[in-house]
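Hi everyone, thanks for coming. Let's take a look at this one together, starting with a term we'll need.

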Amino acid sequence: MIIHASEYGIRPNRENGKELSALFKKLAETEAEKTVVFEAGDYFVDAENCDTEMLYITNTAGDNEYKSGETPHRAKVLFNLKNIKNLKLEGSGARFVINGKVTNAAIQGCENIEISNIEIDYDNPDLHELKVINIGRHFVDFEVDEKSTYEFKRGKFCFVGTGYTTDILKAYRTAWHLSRVRAEDCNTIERTRNLVSTALKIKDLGNRKIRIYYLKPFGFKLGDTYCIFGRRRQYAGIFSDKTKNLTLNNVAQRFNYSLAFVAQDTENITLNGLDFSPSNGRFMASAADFLQICMCRGKVSVANCKFEGACDDCLNVHGVHFKIARIEGNTITVKFMHKQSHGYNPIRVNDEIAFIDVKSMLEKGSSKVVASKLIHENEIEIRLDNVQNAMVGDVIEDVSACPELEFKNNTVNRIATRAILITNRPKTVVEGNHFNSNSMSGILISDDASSWYESGMCKEVVIKNNVFEYCGETPIRILPENRVHEGAVHSNIKILDNTFKRYKGTCITAKSTDNIEIKGNTFASDDRLKTTNCTNVDTDF
């Protein structure tokens, strides 16, 4: 069945918010295969005309980050797909331009969804850039990017737009997350807090130029550009929850207020030819990670994509370490431990659960899920077939909620932290990618039960034929966050035929890992490998 979006009044060069909402509600009424076709062109959408949803999205804003009078997790949604099956969205090059703040797409309880050939951008988002043009003894002059709008009132400098008025001295006085792009290296972005942390006042110089006064300017250089944006991860780009078989082909997102793509409790994800890079000459496209894959299943494939300009990682693939709070018979109650992850239940009947010792990060026993229900935003009650070796205070890992991962032939550039964080049991292949610039490690293989509570141990990882152009820290770091070593946490890591061009420190470090193979690589220095409590390390140097 072919459906033309124009049949629902959705047309280029006009506002389309309410019409899009009506279309997606209609699509949920039939399970038949259907393709919605958009005409090429620019489609405008006002946030106020979009659906409102309560979205509990992993690794986004916690309840404590909202102000009095706000409803946590409530967000406007542009593409609101709920309980839809067998749908293809063919964008034909359509570009959706958003006025205001929204989650670009929420795909919940869906099956067999394919979205192709669309672009999503924002009109004057709350992202702004200040370029250093002059440095005095007690001041620094900046030029404001040409797309931002701002005003001075009673000595206050505010960026203004739909849904925001941002006083930068008030909003960012203690901000640690702002980003800086150095004039001498426009491909590298790094976090900084020195823009307004010690600022005294701001003066309007006219012609899009401002002067910020300091007792003594520190760390500023001519030509450096500072990116200013909100810290609260309220609005995701594309969000998938309890969905099966999701494909994105040639989808572009030019800016996101939070994670650009986040999937939780989703099975089989194919991301091909994505272009997450900024428009309008800006340096940033995402205020947080580009891709976040949490408690997912089946296979995740990311290939032939361009990722450029994020203030957090390019890709995270992990589960959740839930802490055991109570044990009553064969029923355990577990808690979400990080404030930015809660409110959903990804644990299914017949899943395999591993009991993990929080000090050694090793598995103590396992069980099968008989029943599972969310009893509170932060608690899940799970009935198991046995609780042998389960202890209050330890954590669980849902071994069934771990996907196989392929990350191939992608370009990753201007990442403020790590390129990839992996903490995932099934086979993981990272191959043929160009990691152009990231300010921390290129690949971090983690596993923790004390900070982000992101699980679990890696059992088979192949890192092959990649180019690491620049890493601000150790390019490959295998670092489980165990507090005592009682055995290997990770195992079977192959690092083969990669090129490491420029980096700081040791090229590869590893801890509490068994069976590491490092062969055929090209290194920029002789400081190649450092291991702690590792066994069966095979190298050709």
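Contact, or touching, here means heavy atoms within 4.5 Å. Two housekeeping points as well. This is a predicted model, where local features need pLDDT of at least 70, side-chain atom pairs count only at pLDDT 80 or more, and totals for chains, interfaces and linings use all residues. Residues are numbered from 1 along each chain as its sequence is written, and side-chain values use heavy atoms, leaving out hydrogens and water.

Let's begin with R418, in the loop between β35 (411-415) and β36 (420-423); strands are DSSP runs of E, at least two residues long, numbered from the N terminus. Is R418 buried or exposed? Buried means under 20% relative accessible area, exposed over 50%, and partly exposed in between, with a 1.4 Å probe and protein chains only. R418 is buried, at 18%. Not counting residues up to four places away in sequence, R418 touches D312, D313, C314, M440, S441 and L444.

Now for the backbone. Which peptide bond is cis, with omega near 10°? That's the one from S455 to G456, and G456 sits in the loop between β40 (454-455) and β41 (461-464).

Two residues other than glycine have a positive phi: R208, near 65°, and N280, about 60°. R208 lies between β16 (199-206) and β17 (209-214) and is partly exposed at 26% relative accessibility. N280 is in the loop between β23 (275-276) and β24 (291-294), and is also partly exposed, at 41%. For context, most residues other than glycine have a negative phi, and most peptide bonds are trans.

Key: Helices (H or I, at least four residues) and strands (E, at least two) are DSSP runs, numbered from the N terminus.
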